[in-house]
Amino acid sequence: MIETEKLTKRYSDGNYALRELDISASEKVTAIIGRNGAGKTTLIRILSTQLLPTSGTARVNGMDVVTEAGSIRKSIVSIPQEAAPIGILTAFEQVKLYLVGRGMSFKDSAQSASMALDELDLREAKHYPTDTLSGGMKRKMFVAMALAANAEVVFLDEPTTGLDPISRLEVWSAIRRIHSTVILTTHYMEEAEQLSNEVILVDHGRSLEQGTAADLLSRFRGKIRVEINGQCQDCIHIGSLSIKYVDREMADRYIDMGFAIRPITLEDIFISRGVTIES
Amino acid sequence: MNLKFTFLLAWYYGLRTVGRGPSYIIASLSSPLTLLFIVFIISRGTLVKYAIVGGFIGLVASVALSSAGDAAFMRLQLRMQDLYVASRVNPSDYMLGLTLSYLMFSLPGIVLYSILGYFENVFTLPDVLALAGILALLVVSTSSISFIVSSSIKHVRNVWGIAGIMSVVMTVLPPTFYPYTFIPKIAIYALSVSPVTPAAVLTQGAFGLSPLMTMEIPVILVETVVYFSLARYLTRWREK
């Protein structure tokens, strides 16, 4: 269970990363989505006890991130955004080292590391230095840490950023095998729809909406997205592109006019609010 | 304390790394061996014992000081520190583990200098014990300085430059490879800011190469405690 109340983070340069953010997450997998700079990483770093908030409160399983950080650390795993392995060490060594750092014995950590890496199809690769592994395999090594640690809550900060489509699917599959409560951040709408039971949309450090993907998309029921190159009335403009939401029955008319028609995704929640996001 | 983590980190990041990357050994040896060669040529062999004894000090100190780059790289680029902050590892476990790793990086050099020292008849058993004690204090104090500096580095682009400058200034300027009696006492006091200075002065005294300057004993002890304490409190673990 994750809760924040009026959570604010202001960096020394005066910029706000979070502004009185109120969220509550209790589902098996919660995705926090938003564009670059929305405050996702700052939120994860505060919840993971890596960063202190400026004001407000944040709780992980009822424990305060400022006053009970030590207790929280025993029950979480947090894989930082763009975490990279030490290339000269093997995946097995790095997962084992992480587990020993969490208090496991040498024997148990070796066993758990090996099992987790095998489960994530790294059986062959686990004894090679990680600088010889693909980007997807490296990310899976970090997911193996989360799997082997068997923590109550796992934070994954943009776990698939920069990966090719196949590697991304492999990492998704690995994430699905984590038994813990997972909080992940992403700016890929598809990732949030595929992996999470609940979605929290953030922008400029504030929560915009929260719910299941189906709930959030319900207001678009029966609609499609029309993309028009150029300006149009009653459209949302993103660069030179104009976007309009129309009833599905009208799709043929827009196709005949040469416009692109797209199905509704979570991306459209952002677009309809005037917030653009990568897809 | 999680000593299992500390020793495993040292085992993996120190010994395994040296085993898999022989260039680390050559890199750590290149500077002291070059200086040994230069001292040998310039002094026509008369100061070679100073250079061998100084080689131990220079090697351990330069490896530990240049590790500031490593520690900053692991924090800024690999995000290793963030990974361990959100676990049960505490900053002392992490710092000690990395410190021991750097000591491992120095081991091949220490073996080489031991062989050179043996052939030059530099050692007696008490000398070896004194040297071991001085090197232990030196590795803790210089690694602590590394952590203080590394935690203040904000951009990866500055990592190796700062570490390189620090390593050269703090190990080559002090009387590591030449008799400390060659420079005025006031300079010794000024250079004592670097723990390499008391370490080199004491080693030269312990090996009978120069008069023993006993006042440097409390200097290195106090510096080790002060630098370690500063590292403990100034090193950014959880960010503000």
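**Where the two chains meet**

Modeller: Let's start at the interface: chain B and chain A bury about 3,000 Å² between them, 62% of it on carbon and sulfur atoms. This is a predicted model, in which local features need pLDDT of at least 70 and side-chain atom pairs count only at pLDDT 80 or more, while totals for chains, interfaces and linings use all residues. Side-chain values use heavy atoms, leaving out hydrogens and water, residues are numbered from 1 along each chain as its sequence is written, and chains are lettered from A and ligands numbered from 1 in the order in which they are written.

Colleague: What makes an area count as "buried"?

Modeller: Buried area is the accessible area (1.4 Å probe) that two parts lose on being put together, summed over both. On the chain B side, Y12(B), L83(B) and R238(B) lose the most area to chain A, together 23% of what that side buries.

Colleague: How many residues are in contact there?

Modeller: 28 residues of chain B are in contact with 39 residues of chain A, where contact means heavy atoms within 4.5 Å.

Colleague: Why is R20(B) with E93(A) called a salt bridge?

Modeller: The rule asks for a side-chain nitrogen of Lys or Arg within 4 Å of a carboxyl oxygen of Asp or Glu. In R20(B) and E93(A) the closest N and O atoms are 2.7 Å apart, so the pair qualifies as a salt bridge.

Colleague: Which helices of chain B supply at least two residues each to the side that touches chain A?

Modeller: α1 (3–20) and α4 (80–85) of chain B each do. The largest share, 9 residues, comes from α1(B). By class, that side has 14 nonpolar, 5 polar and 9 charged residues. Here Ala, Val, Leu, Ile, Met, Phe, Trp, Tyr, Cys and Pro count as nonpolar, Asp, Glu, Lys and Arg as charged, and the others, Gly among them, as polar.

**The chains themselves**

Colleague: How many helices and strands does chain B have?

Modeller: Chain B has 10 helices and 0 strands. Helices (H or I, at least four residues) and strands (E, at least two) are DSSP runs, numbered from the N terminus.

Colleague: What makes chain B as compact as a globular protein of its length?

Modeller: Its radius of gyration is 18 Å, close to the 18 Å that the globule rule gives for 240 residues, so chain B is as compact as a globular protein of that length. The radius is taken over C-alpha atoms, and the rule is 2.2 Å times the number of residues to the power 0.38.

Colleague: And what does chain A contain?

Modeller: Chain A has 10 helices and 14 strands. Its radius of gyration is 21 Å, close to the 19 Å from the globule rule for 279 residues, so chain A is also as compact as a globular protein of that length.

Colleague: Why do you say that E158(A) and K40(A) tie parts of chain A together?

Modeller: E158(A) forms a salt bridge with K40(A), the closest N and O atoms being 3.4 Å apart. E158(A) lies in the loop between β7 (153–157) and α6 (165–176) and K40(A) in helix α1 (residues 40–47), so the pair ties together parts that are 118 residues apart in sequence.

Colleague: What confidence does the predictor give?

Modeller: The complex gets an ipTM of 0.84 and a pTM of 0.84. Chain B averages a pLDDT of 88, and chain A averages 90; pLDDT is the predictor's confidence in each residue, from 0 to 100.
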